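Work through the exercises below with the structure open. Try each task before reading its solution.

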Amino acid sequence: MCGIVGYIGNREAAPILLDGLSKLEYRGYDSAGIAVYNGEQIQMEKTMGRLKVLEELTQDGATLPGTAGIGHTRWATHGSPSDLNAHPHFNKDHSIVVVHNGIIENYIKLKKKLQAKGYEFLSETDTEVIVHMLDRYYNGDPLDTITKVMHRMEGSYALGIMFRDHPNEIYAVRKDSPLIVGAGKEGNLIASDVPAILRYTRDVYFIENEEIVKLTREGLHFYNIDEEELEKESTHIDWDINAAEKGGYEHFMLKEMHEQPKAVRDTLTPRLKGDEIVIEELGMTDEEIRSVRKIFIVACGSAYHTGVTAKYVFEGLARIPVEVDLASEFRYRNPILESDSLVIIVSQSGETADTLAALREAKAKGIRTLGIVNVVGSSIAREADNVMYTWAGPEIAVATTKAYSTQLIAHYLLALKFARVRGTISETEFTAMTEDLRQLPEQISLLLSHKENVQRFANRYLAAEHIFFIGRGIDYAISMEGSLKLKEISYIHSEAYAAGELKHGTISLIEDGRLVVAVLTQPELYKKTISNIQEVKTRGAFVMAVTTVGNTEVEKVADYVIYLPETNPYFTNSLAIIPLQLFGYYVSIGRGLDVDKPRNLAKSVTVE
């Protein structure tokens, strides 16, 4: 989950490396470091803490002159955050330097072998094994040395490597961790993600597993693990560079929340054509859609929560049984996958390690796979049988907002498409629901325009220690996401409960003044949830309710009510999430926390 960058070209490398790392801090921010070749030797600076500490230490890169270098921002796995554990890592005589994203699973075995050969280790990281392995097998030929080491390492890695003996080259390697290469007019770059290089080039190459690239000032050379040179085609990235900047907003999260109407519209518009839903990238004929007997939705975190919502929508509209699995559990439970199943893999980054492993598990069993991802050319996008992009644009804040919202839209479109083809909804129902979808961007904008009301309420709960979310059906799914948003950025303990389960133990946690956020948008469940609200009120809870316009009965039992515009009950999560996102955001900033970079978290989870 770390971020790596590299540059070789005609400009000073250090400022470019620091700029690239600033776009990758969402991947980790426990420490940062850069190494630059100055014409005689490789110089390095690294430090614990945020990137700004490194920027101050190097005077924005001025103390490390040179036109070739690599950099790293770390999310700690092996070894606590410290200067010694920060990347890059040197061999003993500082002739080889490495940055690494991933985990070397057999590093203990390799470390023992190296120690027996006299190698000394300064850090607690698995990465230091790599640089000493390179040192041991170095024979003057970087490519041959790298392949020898690759054959001996197990696990996942994206590497940036420099050899002092080859000052006009940077090497990069990928196995199960994301890596891209950018070809620019003033130099060539490597990075973990597209935003890091958008300022310098829009032409990128996506590196496949066990591929190696040699970067020089003049060009790029790609190789497989057998050292055979490869031909690769570049992809042009159309993202607006300003999408990766704050654009006047105080935080990326606030900016990205306000980008949700556009992101939702961008995901909807290409697929809503007249009175039809056209999902060309689905790659399935009507007959194939009708033949699907079961759907598995596999994801992690917020993407998993969209899957929980999708289960209700698919089963309700298309009448197809759906299982929703946490990707980290999916392949380890030996799932029963029949040939007429469809596995939908959901990930913002398209690089989530557990989700990618689940995709490969499904493909190994010959099951059709569909990826719902945001990042063009990502691993899941390339490996799934078909891919449906969400077009949310770059999302920098660790806590997802617009990517989550666009994943919901993708699920709605798929469910409606399946329902129409399978004849499980009428033409009148279909037309009304597609019109409701078209209204969502404007309705989201309306809710965002009332953010000050949410802020005033959030300020009352800055000192809360426990907050609970309750709902039934689809409202339970949105409660899960609202709870996650709050806990990950405010550090307040928060849990979501199916409202009907409160009586089976969890109501014992309710006491005087405890905030309970109740979501009730489903007409057939209104009265049931109101009864559950009354139960927690009787035990001293203070209740904030999120419900749809016209459901004024809730005012009799709730202390504070947020009303949502009217839409089809299957789509209410797209509206209910907005005040819950705002609530978590304002609690976080009210507590003086870094809302974009919450502690211990990283956005792209590329290790298991």
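**Exercise 1.** Is Y560 buried or partly exposed in this predicted model?

*Solution.* Start with the relative accessibility of Y560, which is 22%. Buried means under 20%, and exposed means over 50%. The value for Y560 lies in between, so Y560 counts as partly exposed.

**Exercise 2.** Classify the ring pair of F457 and Y461, then the ring pair of F457 and Y560.

*Solution.* A pair of aromatic rings is described by the distance of the centres and the angle of the planes. The structure holds 14 aromatic pairs. One of them joins F457 and Y461, with 5.4 Å from centre to centre and 40° between the planes. Planes under 30 degrees apart count as stacked, over 60 as edge-to-face and the rest as tilted. The pair of F457 and Y461 is therefore tilted. Both of these residues, F457 and Y461, are buried.

Now take F457 with Y560. Their ring centres are 4.5 Å apart and their planes meet at 10°, so this pair is stacked. The pair of F457 and Y560 links distant parts of the chain. F457 sits in helix α15 (residues 451-458), while Y560 belongs to strand β27 (residues 560-564). The two are 103 residues apart.

Check the burial of F457 too. Its relative accessibility is 2%, so F457 counts as buried.

**Exercise 3.** Describe the salt bridges of D325 with R333 and of K363 with D385.

*Solution.* Take D325 and R333. Their side chains meet at 2.7 Å, N to O. D325 is buried, with a relative accessible area of 7%. R333 counts as partly exposed at 38%.

Go on to K363 and D385. Here the closest N and O atoms are 3.0 Å apart. The pair of K363 and D385 links distant parts of the chain, 22 residues apart. K363 is in helix α11 (residues 353-364), and D385 is in the loop between α12 (379-383) and β22 (386-389). K363 counts as partly exposed at 33%. D385 counts as partly exposed at 38%. Elsewhere, salt bridges that share partners join K175, D176, R360 and E383 into one network.

**Exercise 4.** Which residues gather in the patch of positive charge on the surface?

*Solution.* The patch brings together K109, K113, K117, R136 and R152. Pick R136 and locate it: helix α4 (residues 127-137). Its relative accessible area is 33%, so R136 is partly exposed.

**Exercise 5.** Where is Q115 found, and what separates it from A410?

*Solution.* Q115 is in helix α3 (residues 107-116). Q115 is partly exposed, at 41% relative accessible area. Along the chain, Q115 and A410 are 295 residues apart. Their C-alpha atoms are separated by 52 Å.

Terms used. Residues are numbered from 1 along each chain as its sequence is written. This is a predicted model: local features need pLDDT of at least 70, side-chain atom pairs count only at pLDDT 80 or more; totals for chains, interfaces and linings use all residues. Side-chain values use heavy atoms; hydrogens and water are left out. Patches are made of residues with over 30% relative accessible area and no salt bridge: like charges are joined within 9 Å, nonpolar side chains (Val, Leu, Ile, Met, Phe, Trp, Tyr) within 5 Å. Accessible areas come from the Shrake-Rupley method with a 1.4 Å probe; for residues, only the protein chains shown count as cover. A salt bridge is a side-chain nitrogen of Lys or Arg within 4 Å of a carboxyl oxygen of Asp or Glu. Lys and Arg count as positive and Asp and Glu as negative; His and the chain ends are not counted. The place of a charge is taken as NZ of Lys, CZ of Arg, CG of Asp or CD of Glu. Helices (H or I, at least four residues) and strands (E, at least two) are DSSP runs, numbered from the N terminus. Buried means under 20% relative accessible area, exposed over 50%, partly exposed in between (1.4 Å probe, protein chains only). Rings of Phe, Tyr and Trp (its six-membered ring) pair if their centres lie within 6.5 Å; planes under 30 degrees apart count as stacked, over 60 as edge-to-face and the rest as tilted.
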